[in-house]
Amino acid sequence: MEPNPIPPHDHTRTYLRVFIALLVLTVLEYLYARLFSDRGFTMLVTGLVGLAAIKAILVGLFFMHLVFEGRWKYLILMPTAFLVIVLVSGLYPDMGLDAKRFGPDRAALSTNDLDATP
Amino acid sequence: MAQSIDAEATPNPTPPTAIHRTAPLLTPGKVALWLFLGTEVMFFTGLIGSYIVLRAGSPAWAYSNLFPPGTPLDDLRNARGLVIDATGPDDARIAETIAEAVDSPAAEIEHQLHSLPTVVLVNSPLQPADIDGLTTRLQAAGAMNRLVPLDSFDWPRPYDKLTNPLSIDLTAVNTFILICSSVTMVLALSAIQRDDKRRLSRWLLATILIGSTFVGIQVYEYYQLMEGHRYSIGVSPTGHFRPNSSLFASCFFTMTGFHGAHVTGGILALLAIWLRSLFGGYSREHHSPVELVGLYWHFVDLVWILLFTVVYLL
């Protein structure tokens with residue numbers, strides 16, 4: 001087993017504060033989803049993804065010790081993050097939007113579009 | 001940072017070896033685990049990214065309130081459906097009345113009436129039905145019902161029970177439960193960093209129990225979705241929400257299933273280190289497996305935070 005360093009500080013209070021923050025954010029996410037479920041999808045996505053990102057960052061920074069320890073971990077995480085963004089951004093306009101706009105299914109209209117057709 | 005921490009802990013001049021011991025260690029185990037977590041990020045990106053792309057490409061008619069997912073709606077625009085919102089005091093009579101009208105066993109209708117609101121009859125050009133007659137009979141029997149026109153969507157909407165069977169309330173509680181297990185895990189690590197072996201074992205056990213509760217609730221949810229409930233026609237052609245019910249269903253089960261498998265693997269690893277901790281296998285100087293399994297556990301929690309948002313709430 002590798003030897004561990006002796007940590008100079010006890011971070012228990014920080015962890016409990018982060019826990020409270022995560023709890024509050026989870027409740028906020030739930031309420032936001034309930035309140036905004038019938039309003040614009042963009043608003044829903046922005047709010048919920050934002051709240052989820054804050055929660056994920058809190059878990060990463062404090063529970064996974066990214067804030068307490070060295071920056072070498074970002075050397076691994078940066079290329080990963082880059083690939084994540086590139087992969088999804090690359091496929092979204094093509095398989096996502098274009099499939100809906102130009103795919104064989106465009107002839108089958110939804111009830112919402114029927115009023116607009118001649 | 002290492003230098004300032006060292007100065008606080010030991011105000012007297014310290015020899016080089018002590019400074020080295022208090023600096024964050026770039027151990028092979030930690031590097032390996034972070035590399036593994038990098039691959040896990042790519043794994044879940046494949047799943048969540050595919051979900052985003054598939055959803056973006058889903059046609060506007062893919063899901064409707066009155067027909068099974070994927071039904072072409074060209075000739076069905078004038079369809080109307082009868083939705084039951086509440087059965088009133090006499091469930092059995094309501095079920096019998098509906099069963100007679102739709103020519104289905106009453107037991108199946110009763111099963112369906114456990115998940116309200118639900119569509120019980122559809123009048124369409126392809127399959128005409130006496131929807132107004134049934135509405136009158138059900139209202140006379142005390143049920144709350146309404147007639148709805150055809151409404152279609154590119155993806156099931158959250159909270160819309162006519163197309164989306166997922167229980168957001170239960171899963172929100174489950175999300176909180178998994179976050180609690182992350183807290184107990186970090187407290188376990190904190191304990192062994194103070195050489196408190198007893199608290200390490202206790203917090204590890206708490207993590208295992210809470211994590212198992214999360215998996216248990218997921219298994220319960222899967223059972224209710226696939227077998228326990230009978231959902232409205234807009235959810236699935238059979239009433240049971242299974243991987244082959246729709247694209248939404250297969251995405252849901254793939255993503256949450258793989259996540260559940262990761263949580264289960266984490267629980268097995270936690271069990272191993274908990275058992276070792278009971279025999280004093282870890283100390284302040286040597287506890288890297290605790291830290292490494294902890295990192296994996298927090299990652300699994302982080303993925304769930306994103307999954308819950310993307311799959312359940314959006």
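Which residues of H7(B) meet which residues of H10(B)?

A: This is a predicted model, in which local features need pLDDT of at least 70, side-chain atom pairs count only at pLDDT 80 or more, and totals for chains, interfaces and linings use all residues. Residues are numbered from 1 along each chain as written, chains are lettered from A and ligands numbered from 1 in written order, and side-chain values use heavy atoms, without hydrogens and water.

Take the H7(B) side. Ile168(B), Thr171(B), Ala172(B), Thr175(B), Leu178(B), Ile179(B), Ser181(B), Ser182(B), Met185(B), Val186(B), Leu189(B) and Ile192(B) make the contact (heavy atoms within 4.5 Å). Facing them in H10(B) are Val290(B), Glu291(B), Gly294(B), Trp297(B), His298(B), Val300(B), Asp301(B), Trp304(B), Phe308(B), Tyr312(B) and Leu313(B). Of these contact residues, 15 are nonpolar, 6 polar and 2 charged (Ala, Val, Leu, Ile, Met, Phe, Trp, Tyr, Cys and Pro are nonpolar; Asp, Glu, Lys and Arg charged; the others polar).

Now the geometry. H10(B) spans residues 288-313. Its axis lies 10 Å from that of H7(B), at an angle of about 165°. The two helices are therefore roughly antiparallel (over 145 degrees).

H7(B), residues 168-193, has another partner: H8(B), residues 197-228. Here the axes come within 8 Å and cross at roughly 160°. H7(B) and H8(B) are therefore roughly antiparallel as well. Their contact holds 17 nonpolar, 8 polar and 3 charged residues.

Note on methods:
Axes are lines fitted to C-alpha atoms, for helices over the stretch in contact, and angles run from 0 to 180 degrees between N-to-C directions. Helices (H or I, at least four residues) and strands (E, at least two) are DSSP runs, numbered from the N terminus. Angles under 35 degrees count as roughly parallel, over 145 as roughly antiparallel, 65 to 115 as roughly perpendicular and the rest as oblique.
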